[in-house]
Amino acid sequence: MSALPTSADLLGPLKQRFGYSTFRPLQEEIIRDLLAGRDTLALLPTGGGKSLCYQLPALLRPGLTLVVSPLISLMKDQVDALTAAGIPATFLNSSLEPDEARERMRGLDAGTYRLLYVAPERLMTGSFLPDLARWQVNTVAVDEAHCVSQWGHDFRPEYRQLARVRDSVPRVTMIALTATATEHVRADIITSLGMRDARQHIGSFNRPNLSYAVRDRADGYRQLLDFIRRRPKVSGIVYVLARATADRLAQWLQRDGIRADAYHAGLEGKDRARVQDAFQRDDIDVVCATIAFGMGINKPNVRFVTHYDLPKNIEGYYQETGRAGRDGLPADCLLLYDPADAIKLQRFIDDGTDPDEKARGTQKLRQMKRFAESTACRRASLLGYFGEAMPLTNCASCDNCLTPRESYDGTLPAQKFMSCVYRIREKSGFGVGAGHVIDVLLGGDTEKVRKWEHQSLSTYGIGKDTSRAEWKHVARELMRLGLIDADPGKFETLALTSHGMAVLRQRTAVSLTRGTAEDTRPETPVTEGYDASLFDTLRDLRKRIATERGVPAFVILSDVALRQMARDYPRDRAALLRVSGVGEKKLADFGQVFLEAINEYVVAKGTPAAEAPAPPPARIPVRKPLNGTSRQSLLMYRDGQTVADIAETRGLTLGTIYTHLTNAMIAGEEIDIDRILSAEKRARAEEVLTEIGRANLTGALEKLGEGWDYGMLKIYIEYTRRE
């Protein structure tokens with residue numbers, strides 16, 4: 001294509017080959033820059049459609065697009081999906097037999113392919129680089145580009161050499177793509193790859209379809225099992241620190257009837273391939289994987305990601321949670337938090353030899369700890385880490401916004417704990433860890449207590465009326481508030497901060513928040529009304545087709561496409577082509593068999609083709625007693641105070657008060673809805689939610705405009721559920 005394409009030039013092949021009628025944010029701008037020959041850095045969230053940014057241009061001009069990808073499994077998934085869409089693509093890596101690799105090389109010499117996937121190690125070999133000019137490589141796409149930067153969370157030294165590609169093909173256009181890169185990392189990527197006047201396209205880091213929660217890990221396996229059992233027949237990932245933990249959890253889940261398996265670097269290559277293949281094909285539902293090794297998953301319908309252990313940094317946490325909900329449907333992210341995990345990770349960091357690397361690792365770990373212990377909006381914390389502001393005060397989809405933790409007067413336990421830390425250091429001349437401080441408070445008869453004569457302290461046994469678990473939470477709260485801290489280089493050793501010393505001496509009041517070890521949220525709600533029985537029928541059909549073709553089910557059609565079919569009942573080829581993700585190639589290959597299944601279902605069930613099914617009953621959370629802080633807001637509201645009055649009086653945000661009132665409605669309390677939403681506003685909300693779906697709150701707020709926020713919308717949705 002010699003001239004720059006029009007929108008029609010781009011939208012035609014977008015629908016024909018990929019089955020989409022519109023672009024996602026920034027995709028069209030990135031594609032236009034690439035077609036104009038401009039080096040480009042694209043930072044889009046996981047699931048934001050990065051791959052399309054180089055796949056579509058590969059179809060619109062002659063030559064080969066070379067994709068540098070770090071994982072063999074990702075290459076195969078991408079090539080399978082492209083092949084199913086009728087796009088000639090291949091990969092070269094160590095998984096191929098010599099004869100097969102030679103056959104693909106001959107295809108490259110003949111110009112058969114439009115895209116070639118390789119690992120950086122393969123690309124940088126002296127025998128491979130000279131082939132690039134012969135194959136007419138015009139674009140190099142560097143996927144997971146944060147691996148280039150030593151400041152990134154997944155540095156790969158081989159990536160630093162990729163700038164040498166231009167020695168073989170000087171006029172090549174380069175695009176670097178990543179989902180996780182701070183401003184510093186982005187600058188390092190551009191410099192290291194030798195990019196020329198690179199255009200930068202920075203998308204939002206927000207994943208509105210993901211919900212985030214952090215729970216104290218008390219009885220970890222029971223918490224994990226309960227969480228998974230509330231989400232039956234869906235795919236999920238459990239991340240852990242150690243291989244042994246991955247194996248143990250997988251065995252326990254299997255014992256309890258969950259289709260699960262382990263995946264880590266300690267497995268034989270054939271076993272890793274077996275597990276990943278089974279997960280991709282929906283033969284198992286849950287994979288327990290080590291954080292350090294990762295999985296390189298390209299599975300769009302992962303409905304939850306659980307971190308059983310603490311990630312070592314926020315970039316890794318963001319990337320790993322981003323493997324959920326890549327199809328845009330709702331998904332849950334749960335972190336089970338135990339401060340002991342941070343101690344283990346700090347030891348790994350301290351074992352390193354590079355002082356700068358150790359300092360960076362410690363700083364990133366502290367940021368991760370602060371995120372886990374924070375009472376602020378999780379989404380705002382994540383966005384803020386990457387330099388993006390959260391436009392709303394309440395995201396309505398994280399634990400801290402949905403169920404704010406109750407505050408209480410913690411002056412007495414805080415004074416006891418801080419006094420004990422101070423007395424121990426005063427007597428012994430050194431600090432100790434939280435575990436020993438708690439032993440002293442509980443009056444424990446341990447070897448260290450006797451050895452250091454801490455039974456003689458005035459604080460010995462003054463905390464017997466409080467459990468060990470509660471004292472652990474108090475310690476975390478005091479660290480969160482900056483009243484105690486760990487000595488630099490001695491992660492387990494506590495000391496009072498200057499602020500903590502002042503609070504102790506002046507007996508200043510201390511407000512603490514209660515912890516929770518339970519995940520009390522309901523399972524992810526259905527996005528839109530659709531025929532669940534037809535969806536199951538179509539999913540079984542998709543599985544049979546995928547098995548026959550030897551590819552993952554999502555390569556055939558996505559869950560989004562199947563849900564749309566189960567909502568709209570397409571009865572002919574024209575109607576099926578309007579389904580998202582159905583292009584001409586997939587229509588030709590699979591259209592007839594899906595149409596036959598839908599028509600057969602409609603005849604058997606008597607469902608009119610022209611009518612959408614009634615939405616399924618709303619999933620109303622199990623009613624739980626209303627906590628103290630929510631009840632206080634409810635009583636003030638019933639006394640005639642407005643939401644704004646209550647927020648000002650209590651020193652809380654409007655969003656928090658709306659959440660309290662929503663909790664009250666869930667608990668069965670009556671709310672005068674007219675004082676919050678007039679009949680006109682309720683009618684407008686219903687109109688918008690009917691149009692775009694009741695789970696897409698972000699989209700609904702954008703459409704409703706000024707005068708609305710998440711809290712008002714959540715109250716309206718709960719009101720309609722009760723009605």
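This is a predicted model: local features need pLDDT of at least 70, side-chain atom pairs count only at pLDDT 80 or more; totals for chains, interfaces and linings use all residues.
Q: OK, and where does aspartate 282 lie?
A: In the loop between helix 12 and strand 11, the strand that covers 286–290.

Q: What's phi like for aspartate 282?
A: Phi is near 65 degrees there, which is a positive value in a residue other than glycine. For background, most residues other than glycine have a negative phi.

Q: Which loop has aspartate 197 in it?
A: The one between helix 9 (183–192) and strand 7. Aspartate 197 also has a positive phi, near 45 degrees.

Q: Buried or exposed, that aspartate 197?
A: Exposed, because aspartate 197 has a relative accessible area of 75%.

Q: How far apart are glutamine 276 and aspartate 261 in space?
A: They're 9.4 Å apart, C-alpha to C-alpha, and 15 residues apart in sequence.

Q: New topic: helix packing. What's the angle between helix 14 and helix 15?
A: About 170 degrees, and their axes are 9 Å apart. That angle makes helix 14 roughly antiparallel to helix 15. Helix 14 is residues 339–350 and helix 15 is residues 355–373.

Q: Which residues make that contact between helix 14 and helix 15?
A: From helix 14 you get Ala342, Leu345, Gln346, Ile349 and Asp350. Helix 15 brings Lys358, Gly361, Thr362, Leu365 and Lys369.

Q: How do the residues of that contact divide into nonpolar, polar and charged?
A: Four are nonpolar, three are polar and three are charged.

Q: Let's talk rings. How many aromatic pairs are there in the whole structure?
A: A search of the whole structure turns up 12 aromatic pairs. One of them is phenylalanine 205 with tyrosine 318: the ring centres are 5.8 Å apart and the planes sit at 65 degrees, so the pair is edge-to-face.

Q: Where in the chain are phenylalanine 205 and tyrosine 318?
A: In distant parts of it, 113 residues apart. Phenylalanine 205 is in the loop between strand 7 (199–202) and strand 8 (210–216), while tyrosine 318 is in helix 13, residues 314–321. Both phenylalanine 205 and tyrosine 318 are buried.

Q: Which residues do ring pairs link into a cluster?
A: Phe205, Tyr318, Tyr385 and Phe386.

Q: What about phenylalanine 430 and tryptophan 452, what do they form?
A: An edge-to-face aromatic pair, 5.1 Å centre to centre with 70 degrees between the planes. Phenylalanine 430 is in the loop between helix 18 (411–428) and helix 19 (434–441), and tryptophan 452 is in the loop between helix 20 (447–451) and helix 21 (468–480). Phenylalanine 430 counts as partly exposed at 31% relative accessibility, and tryptophan 452 is partly exposed with a relative accessible area of 23%.

Q: Which ring does the charged end of arginine 217 sit over?
A: The ring of tyrosine 308, at 5.3 Å from its centre. Arginine 378 lies over the face of phenylalanine 371, 5.7 Å from the ring centre.

Q: Which residue follows helix 25?
A: Tyrosine 569, and its phi is positive, near 50 degrees.

Q: Last one: where is isoleucine 657 found?
A: In helix 30, residues 654–666. Isoleucine 657 counts as buried, at 0% relative accessibility.

Q: What is isoleucine 657 in contact with, leaving aside neighbours within four places in sequence?
A: Ser633, Val643, Ile646, Ala647 and Leu652. As for alanine 396, isoleucine 657 is 261 residues away from it in sequence and 12 Å away in space, C-alpha to C-alpha.

Key. Residues are numbered from 1 along each chain as its sequence is written. Side-chain values use heavy atoms; hydrogens and water are left out. Axes are lines fitted to C-alpha atoms, for helices over the stretch in contact, and angles run from 0 to 180 degrees between N-to-C directions. Helices (H or I, at least four residues) and strands (E, at least two) are DSSP runs, numbered from the N terminus. Angles under 35 degrees count as roughly parallel, over 145 as roughly antiparallel, 65 to 115 as roughly perpendicular and the rest as oblique. Contact means heavy atoms within 4.5 Å. Ala, Val, Leu, Ile, Met, Phe, Trp, Tyr, Cys and Pro count as nonpolar, Asp, Glu, Lys and Arg as charged, and the others, Gly among them, as polar. Rings of Phe, Tyr and Trp (its six-membered ring) pair if their centres lie within 6.5 Å; planes under 30 degrees apart count as stacked, over 60 as edge-to-face and the rest as tilted. Buried means under 20% relative accessible area, exposed over 50%, partly exposed in between (1.4 Å probe, protein chains only). A charge sits over a ring if NZ of Lys or CZ of Arg is within 6 Å of the ring centre and within 35 degrees of the ring normal.
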